[in-house]
Amino acid sequence: MTIRTFLQTILGPLLFSLGLGASVAQTFTVAVVPQFTAEQIFHDWTPVLKEVSRLTGLDLKLKTYASIPAFEIAFLNGEPDVAYMNPYHAVMAKKAVGYTPIVRDDATRMTGLLMVRKDSPITRLEQLNGTELAFAAPNAFSSLIIRALLTNEHKIPFRAKYVTTPSNVYRHVISHAQPGGTLRHMLEEETPELQAQLRVLYETPGFYRHPIVTHPRVPAQVREALQQAFLKLGANPAFAERLRAIQLPKPVIADFKDYVPLEKLGLEKFAIIPN
């Protein structure tokens with residue numbers, strides 16, 4: 001073990017707890033679920049993580065992935081130290097590795113939307129019987145929730161088609177006149193012109209939104225410091241727009257119990273675990 005590694009792993013947490021963390025900067029990777037392009041993720045997350053680094057004395061390295069399955073493989077293998085992920089990913093990550101939620105947004109609950117093209121003749125869920133529905137990915141939160149509710153509660157058979165990103169879902173619905181699923185807050189990020197071409201057919205109940213989670217190897221002092229940094233940013237009006245951009249406008253301390261209700265929906269039957 002090198003001297004630097006010794007200082008980081010053994011003395012780092014102690015120095016940090018004494019307010020001296022900046023003298024021995026600990027490096028942690030921060031992975032973000034690829035709901036948007038890598039360019040947009042870097043644009044939105046970099047200024048926030050830079051300020052969190054300044055407040056904590058930590059060296060936070062942003063990590064992006066080409067697809068949601070690639071992101072899933074990474075956290076199921078325990079690669080990132082810190083990650084921003086969808087609610088069911090938080091359940092998967094807890095069971096597989098022991099990742100713990102530390103912060104989540106509390107401004108609104110997250111709901112799934114099943115959309116059709118505005119001029120579609122489909123007006124009732126029953127008309128979806130046997131149709132093909134577009135989703136971003138098998139384990140995208142909107143995909144899991146909508147597929148589970150259509151199957152378990154509404155008893156509607158359908159076929160799922162995966163088109164990689166939420167933006168692709170909207171464009172697929174418009175160009176192919178097939179229904180598709182997304183999250184309400186994701187759709188609201190799109191232009192008014194695009195939204196005007198879509199109509200909401202069905203909306204799910206609300207759930208707590210994406211958490212930031214930490215790997216068990218992250219020291220408790222670091223977890224607490226990250227929590228406090230995000231709470232401090234949440235109380236700073238100057239950072240309101242930055243936090244809104246990363247979909248964390250009202251950060252609060254999170255706990256895994258916030259996501260336990262998802263386990264009762266049997267989502268594991270609809271999840272596809274990457275190898």
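1. The lining of the largest cavity in this predicted model is made up of 9 nonpolar residues, 6 polar residues and no charged ones. Here Ala, Val, Leu, Ile, Met, Phe, Trp, Tyr, Cys and Pro count as nonpolar, Asp, Glu, Lys and Arg as charged, and the others, Gly among them, as polar.

2. About 130 Å³ of space lies in this largest cavity, and among the 15 residues that line it, Gln35, Ala140, Phe141, Pro166 and Leu183 are the closest to its centre. A cavity is a set of points on a 1 Å grid over the protein atoms alone where a 1.4 Å probe fits but cannot get out, and lining residues have an atom within 4 Å of a point.

3. Two or more lining residues come from each of helix 5 (141-152), helix 6 (166-176) and strand 8 (180-183), and strand 8 gives the most, with 3 residues. Helices (H or I, at least four residues) and strands (E, at least two) are DSSP runs, numbered from the N terminus.

4. Strand 4 (residues 100-105) pairs with strand 11 in the antiparallel sense over 3 bridges, and Asp105 has Pro251 of strand 11 as its bridge partner.

5. The chain averages a pLDDT (the predictor's confidence in each residue, from 0 to 100) of 89, and 91% of the residues score at least 70. Over residues 1-23, however, pLDDT stays under 50. Where pLDDT is low, the predicted coordinates should not be read in detail.

6. Residues are numbered from 1 along each chain as its sequence is written, and side-chain values use heavy atoms, with hydrogens and water left out. Local features need pLDDT of at least 70 and side-chain atom pairs count only at pLDDT 80 or more, while totals for chains, interfaces and linings use all residues.

Key. Contact means heavy atoms within 4.5 Å. On a 1 Å grid over the protein atoms alone, a cavity is a set of points where a 1.4 Å probe fits but cannot get out, and a pocket is an open set with protein on both sides within 12 Å along at least five of seven lines; lining residues have an atom within 4 Å of a point. Grid points are joined across faces, edges and corners, and a volume is the space filled by probe spheres set on the points. Two strands pair if DSSP finds at least two bridges between them.
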